[in-house]
Amino acid sequence: MEKKLALQMRGITKRFGSVLANNHVDLDVYEGEILAILGENGCGKTTLMNMIAGIYFPDEGHILIDGQEVVIRSPKDAFDHGIGMIHQHFKLVDLFTAAENVVLGVEEEKRYNLKEVCGEVSRIAERYGFHIDPAKKVYDMSVSEKQTVEIIKVLYRGADILILDEPTAVLTPQEISRLFDVLRRMKADGKSIIIITHKLNEVMEVSDRVAILRRGEHIATVNTAETNEAQLTEMMVGKKIDLDIHRSKPVNARPRLEIRNLNLKNEEGVQVLKNVSFTANGGEILGIAGIAGSGQRELLESIVGLQPLESGDIIFTNPKKDKPVTFFHKSLKRVKELAAQDAFHDVNMNAVSFRGMRNSAIRKWVDNGGVLFREDEIINLRHKTPLEIRELGVRLSFVPEDRLGMGLVGSMGITDNMMLRSYRKGKAGFLDRKKPRALAEEIIEELEVSTPGTSTPVRRLSGGNVQKVLVGREIAFTPKVLMAAYPVRGLDINSSYTIYNLLNRQKENGVAVIFVGEDLDVLLALCDRIIVMNGGAITGTVDARTATKEEVGLLMTKTVESGREEQ
Amino acid sequence: MNIWLNFLIDSMAFGATFIYGSTGEILTEKAGHLNLGIPGIMCMGGAGGCLVLNAIGRSSLPPFLIVILGILGSLALAMLCGMIYSFLTVTLRANQNVTGLALTTFGVGLMKVIMSKLDATVYLVGPKQMYRWPFANRQDSLQAMGILFFAAVIIAVLAGWILFRTKTGLHLRAVGENPATADAVGINVTKYKYAATCIGSGIAGLGGFYYIIDYMASQEAYLSLEAFGWLSIALVIFALWRPPLTIIGSVVFGFLFSVSSFITNVPWINVTMAMKPILKMLPYVVTILVLIVSSIRNKRENQPPASLGLSYFREER
């Protein structure tokens with residue numbers, strides 16, 4: 001079938017200061033096709049699309065629509081040429097209904113009639129298989145519904161070319177497949193769809209052709225049917241990279257964190273955790289699989305003390321046996337108390353008693369490493385404050401939907417963000433800035449964070465870099481339990497593998513790693529054991545080395561009455 | 001007529017001052033600008049009208065023309081203040097609170113200078129009868145309801161209709177809620193902010209004019225005008241950012257504000273002078289109560305516009 005060209009880009013170049021964001025890019029988009037634009041973070045995908053959508057203006061080059069050269073200076077010009085872009089960060093007025101958001105800014109001859117707009121919105125939704133209530137307020141909507149409003153907004157303006165900037169980054173697997181169905185229906189309707197992504201499986205699933213960008217340059221455009229993931233990755237990264245995660249056998253795995261019959265109700269009184277019990281071992285990666293919102297977030301938050309528990313215990317085994325006592329974690333008073341309880345022994349395994357000794361002598365003995373713990377410390381975290389839990393080395397690196405919402409302060413630099421964890425240290429009320437700065441520099445170098453400097457506000461970094469900073473900081477404080485929720489969400493392949501390797505290295509150091517993920521392939525390749533959650537209960541535990549995707553998928557939808565772990 | 005009915009009518013006539021002030025402020029706030037210059041702008045509106053009337057009050061122009069020229073003078077000076085405020089806060093992105101407070105200090109002071117130089121026998125006497133249409137010939141308290149009173153009600157209802165029933169209103173609310181979104185869909189944010197602030201200031205200015213010329217019609221009227229500017233801003237919260245509700249709110253506020261002076265006329269209530277200042281607190285107490293109730297109910301529609309008080313930079317992401 002002969003296809004008509006909808007959009008052509010010829011020699012598009014864009015510079016930001018001295019940085020070349022796009023270098024002579026040529027791109028063709030046909031009618032009735034889904035074109036994926038693939039590239040790593042910061043390769044100029046979004047910049048290129050922003051030039052079609054009228055956000056930026058190209059320094060050089062031409063844009064042709066239906067064979068006619070056009071000049072696009074503003075989003076309005078783009079709309080006039082039938083181009084609509086759905087941005088990663090939604091541009092919606094929260095207080096308005098779906099219909100009001102759709103009609104906002106549209107200049108029409110006819111009189112403003114919200115009922116007619118609602119009808120039109122429903123018609124568009126029905127035509128492409130969306131589900132939307134036009135009278136629903138945006139603040140009541142889920143992320144997926146908001147995205148639907150954005151798409152309808154563009155369609156209402158009569159767009160024939162739709163650009164979606166990483167539309168799947170914030171969606172659950174179910175919502176993604178629903179979105180893809182909609183996109184296919186639009187394609188059948190003759191619309192051209194450009195989807196920006198760096199997820200290879202999605203590219204393979206939904207696109208007809210793939211355009212690969214690398215460092216602002218157009219590398220190639222290939223037909224999806226004639227390529228494979230390995231080839232695409234190679235073109236995208238510019239070198240062959242290993243898509244296997246190197247998983248080592250757990251060494252000396254001992255229980256580190258034992259969760260017993262955890263129950264939790266949320267503010268609305270809904271039971272969000274039902275009798276959750278499991279054990280996380282040191283030197284092992286424990287995966288948590290499940291549909292988003294099955295209680296993963298609440299589980300992790302209750303472990304670090306952010307949620308008031310209804311019942312249950314969190315038993316943390318602090319590995320101390322035969323390790324020297326330090327004054328860093330314990331005050332002199334506490335050391336003396338513990339000695340009185342016979343908690344220490346010396347290098348010759350004899351019990352330590354400080355009775356009759358002067359403080360200076362005790363200090364000397366302890367500082368020389370002569371006093372060792374007799375037993376591991378067993379603590380119920382349920383009765384500890386979040387700060388105490390943190391000091392014990394239980395770390396949560398939570399990467400929520402909103403990257404900057406939890407964990408980092410957007411307007412502060414990397415150094416200052418490091419200090420959020422260490423501001424209590426330092427002498428006599430003065431902050432110690434040197435160590436955090438050194439740490440910031442270390443993270444920038446080791447994790448290849450691209451930033452102008454340690455004092456650049458984190459908000460200005462790209463999503464992947466923000467995540468590296470967040471995970472890097474939590475790892476830097478030598479945790480004993482490291483919990484990472486969706487740490488690779490929105491990251492490109494290279495950065496994702498950097499994070500996987502980081503987690504693996506922690507595991508090899510004896511840390512108990514808990515990894516909440518959504519990509520089953522990654523969970524199965526990275527973890528040692530996987531627990532599966534559904535509706536706040538654990539529906540099963542599998543060995544990640546032998547389990548199959550189908551097995552886990554089945555557990556994800558299974559309902560368990562008692563919620564007890566089935567071994 | 002019953003003493004209480006008289007009091008109610010008087011409260012309504014008095015309250016029209018607040019309808020003007022708070023409708024003007026609501027329009028401005030809906031564009032995302034907290035204009036604390038409203039007291040000053042109301043004063044300037046009053047001064048502008050009086051200046052014109054002082055110049056033409058004794059001329060041989062037809063009375064209705066004198067009225068219209070007075071209103072225009074009031075509008076002109078008030079909108080000029082709105083223009084200054086817009087230029088500072090929209091174009092130069094100055095702090096809205098500081099700018100507003102400066103404008104109030106400036107407006108109140110300038111008005112006092114202007115008014116002390118004018119001749120009350122000229123600006124008050126001339127067209128007074130004209131304002132009192134259609135009740136000009138009545139001897140009871142209905143006489144206080146004139147064209148400017150009805151204009152206030154019409155303006156409040158009209159502003160509500162525009163804000164919530166037309167596309168212009170939809171765009172204006174979008175600008176106040178989320179200017180970046182409004183900008184992205186092609187709405188001219190700067191234009192809307194300027195227009196809303198200037199029109200709002202003009203409406204507020206009419207309130208000052210109404211109070212001096214029509215409601216009080218006395219030489220000392222201008223001295224208490226500033227306080228009613230602040231009350232108008234409080235009434236915005238009371239009315240939950242809906243212009244038609246300012247009509248009800250203004251009656252309540254008018255009632256509460258004058259209850260302290262009225263109550264001494266009621267024979268069976270014994271009020272000492274010391275209690276009067278306490279009674280004068282009532283409008284503010286009610287405003288606080290409304291704030292508490294609307295915060296507890298926590299309905300998104302009853303909250304101030306989301307980007308109220310924030311300047312909009314297009315480049316900032």
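A: Two residues are in contact if their C-beta atoms, placed from the backbone, lie within 7 Å. The structure is a predicted model, in which local features need pLDDT of at least 70 and side-chain atom pairs count only at pLDDT 80 or more, whereas totals for chains, interfaces and linings use all residues. Residues are numbered from 1 along each chain as its sequence is written, and chains are lettered from A and ligands numbered from 1 in the order in which they are written.

Q: Which residues in H3(B) meet which residues in H4(B)?

A: On the H3(B) side the contact is made by Cys81(B), Ile84(B), Tyr85(B), Leu88(B) and Thr89(B), and on the H4(B) side by Gln96(B), Thr99(B), Gly100(B), Leu103(B) and Gly107(B). Sorted by class (nonpolar: Ala, Val, Leu, Ile, Met, Phe, Trp, Tyr, Cys and Pro; charged: Asp, Glu, Lys and Arg; polar: the others, Gly among them), these residues comprise five nonpolar, five polar and no charged.

Q: At what angle do the axes of H3 and H4 of chain B cross?

A: Axes are lines fitted to C-alpha atoms, for helices over the stretch in contact, and angles run from 0 to 180 degrees between N-to-C directions. Helix H3 of chain B covers residues 63-91 and helix H4 of chain B residues 96-117; their axes come within 10 Å, with a crossing angle of roughly 155°. H3(B) and H4(B) are therefore roughly antiparallel to each other (under 35 degrees is roughly parallel, over 145 roughly antiparallel, 65 to 115 roughly perpendicular, the rest oblique).

Q: How do the axes of H3(B) and H10 of chain B cross?

A: Helix H10 of chain B spans residues 189-216, and its axis comes within 7 Å of that of H3(B), crossing at roughly 140°. H3(B) is for that reason oblique to H10(B). Among the residues that H3(B) brings to this contact are Ile71(B), Leu75(B), Ala78(B), Met83(B) and Val90(B). Those it meets in H10(B) include Lys193(B), Tyr194(B), Cys198(B), Gly202(B), Leu206(B) and Phe209(B). The contact of H3(B) with H10(B) has 14 nonpolar, nine polar and one charged residues.

Q: How many helices and strands are there in chain B?

A: Helices (H or I, at least four residues) and strands (E, at least two) are DSSP runs, numbered from the N terminus. Chain B has 14 helices and zero strands. Its radius of gyration, taken over C-alpha atoms, is 20 Å, close to the 20 Å of the globule rule for 317 residues, so chain B is as compact as a globular protein of that length (the rule is 2.2 Å times the number of residues to the power 0.38). Along the principal axes, the C-alpha atoms of chain B fill a box of roughly 60 × 50 × 35 Å.

Q: How many helices and strands does chain A have?

A: Chain A contains 18 helices and 22 strands. For its 567 residues the globule rule gives 24 Å, and the radius of gyration is 27 Å, close to that value, so chain A is as compact as a globular protein of that length. The C-alpha trace of chain A extends about 95 × 55 × 45 Å along its principal axes.

Q: In what order do the strands E11, E12, E14 and E17 of chain A form a sheet?

A: Two strands pair if DSSP finds at least two bridges between them. The order in this open sheet of chain A is E12-E11-E14-E17, with antiparallel pairing. Strand E12 (271-281) and strand E17 (377-380) of chain A each have a single partner strand and stand at the edges, so one side of each lacks a neighbour in the sheet. From one strand to the next, the twist averages 15°. Strand E14 of chain A, residues 311-318, pairs with E17(A) in the antiparallel sense over four bridges. Within this part of the sheet, Ile315(A) has Asn380(A) in E17(A) as its bridge partner. Helix H9 of chain A (residues 296-303) packs on the sheet, where it touches strand E11 (255-265), E12 and E14 of chain A. The direction of H9(A) makes about 65° with that of E12(A).

Q: Do strands E3 and E9 of chain A pair in the parallel or the antiparallel sense?

A: Strand E3 (residues 34-38) and strand E9 (residues 209-214) of chain A pair in the parallel sense, over four bridges. Ala36(A) lies opposite Val210(A) in E9(A). E9(A) is also joined by six bridges to strand E10 (residues 217-223) of chain A, and these two run antiparallel. E9(A) and E10(A) form a hairpin with two residues between them, and Arg215(A) in the turn has a positive phi of about 50°.

Q: How many residues of chain A are in contact with chain B?

A: In chain A, 13 residues are in contact with 16 residues of chain B. The side of chain A that touches chain B has seven nonpolar, two polar and four charged residues.
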